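Subject: Structure handover

Hello,

Here is the structure I promised to pass on. Please open it alongside this note.

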Amino acid sequence: MVLPARNVLFVTVDQWRGDCLSAAGHPLLETPAFDRLASGGVLFANHWANSAPCGPSRACLYTGTYQHRNRSLLNGTPLDARFTNVALVARSVGYDPVLFGYTDTSVDPRTVPRDDRRLFSYEGVLPGNRAALRGVAG
């Protein structure tokens, strides 16, 4: 039996604490839009980041690996193309991952020509994602 595909909204934020949601019990903040999303889905209320810099933390989240494995230690560190990621896996099973905002992913320099313009920025899109609106959150 094949189940119908479901839409998935994967929201990540890295500029505020995870308990800064009224859905997570914050006594002062009111976050009605996020609360509605949380009530109709899954809220990971006990998630911990693997690193303090946002780029390496995203690299861990996207690849399911620790820093000592993916070697992303600083913002702007290229993500090794040998690793798969959540967007590539989702695409491989028929989803169309669309990015709203940014992932700040640097291209692996071993996979592109030396003059590729993506080598001069770490504001790239995580492989597997299709960018809908660039710079919305940044």
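Below is what was found in it, starting with confidence.

**Confidence**

This is a predicted model. The protein has an average pLDDT of 86. At least 70 is reached by 93% of the residues. Helix α4, residues 86-92, has the highest confidence, with a mean of 94. Strand β2, residues 130-134, has the lowest, with a mean of 78.

**Helix α2**

Start with α2, which spans residues 54-63. The helix is mostly covered, with 9 of its 10 residues buried. These are Cys54, Gly55, Pro56, Ser57, Arg58, Ala59, Cys60, Tyr62 and Thr63. What do they pack against? The buried residues of α2 pack against α3 (67-70) and against α4. Gly64 follows the helix and has a positive phi, near 70 degrees.

Setting aside residues up to four places away in sequence, Ser57 touches Ala49, Asn50 and Ser51.

Arg58 is the other one, also in α2. Is Arg58 buried or exposed? Arg58 counts as buried because its relative accessibility is 7%, and the cut-off for buried is under 20%. Beyond its neighbours within four places in sequence, Arg58 contacts Asp14, Tyr102, Thr103 and Asp104. For orientation, His47 is 11 residues from Arg58 in sequence. Their C-alpha atoms are 13 Å apart in space.

**Salt bridges**

How many salt bridges does the structure hold? There are 7. In general, side chains of opposite charge can pair when their charged atoms come close.

Arg58 takes part in one of them, with Asp104 as partner. The closest N and O atoms of that pair are 4.0 Å apart.

Asp80 and Arg82 form another salt bridge. Here the closest N and O atoms are 2.5 Å apart. Asp80 is buried, at 11% relative accessible area. Arg82 is exposed, at 64%.

Next comes the pair Arg118 and Asp116. Their side chains meet in a salt bridge of 2.9 Å, N to O. Arg118 counts as partly exposed, at 44% relative accessibility. Asp116 is buried, with a relative accessible area of 15%. Elsewhere, salt bridges with shared partners join Asp80, Arg82, Asp108 and Arg110 into one network.

**Nonpolar core**

Which residues make up the largest nonpolar core? It has 5: Ala59, Tyr62, Leu79, Ala87 and Leu126. Ala59 and Tyr62 are among the buried residues of α2. In soluble globular proteins, nonpolar side chains tend to be buried together. Leaving out neighbours within four places in sequence, Ala87 is in contact with Pro97, Leu126, Pro127, Gly128 and Asn129.

**Surface and loops**

Where is Tyr95? Tyr95 lies in the loop between α4 and β1. This residue is partly exposed, with a relative accessible area of 32%.

Arg71 lies between α3 and α4. Its phi is positive, about 60 degrees, although Arg71 is not a glycine. Arg71 is exposed, with a relative accessible area of 63%.

**In short**

If you look at one spot, take Arg58. Arg58 is buried at 7% and forms a salt bridge with Asp104.

Best wishes

How values were computed:
Residues are numbered from 1 along each chain as its sequence is written. This is a predicted model: local features need pLDDT of at least 70, side-chain atom pairs count only at pLDDT 80 or more; totals for chains, interfaces and linings use all residues. Side-chain values use heavy atoms; hydrogens and water are left out. Helices (H or I, at least four residues) and strands (E, at least two) are DSSP runs, numbered from the N terminus. Buried means under 20% relative accessible area, exposed over 50%, partly exposed in between (1.4 Å probe, protein chains only). Contact means heavy atoms within 4.5 Å. pLDDT is the predictor's confidence in each residue, from 0 to 100. A nonpolar core is a set of buried Ala, Val, Leu, Ile, Met, Phe, Trp, Tyr and Cys residues joined through side-chain atoms within 4.5 Å.
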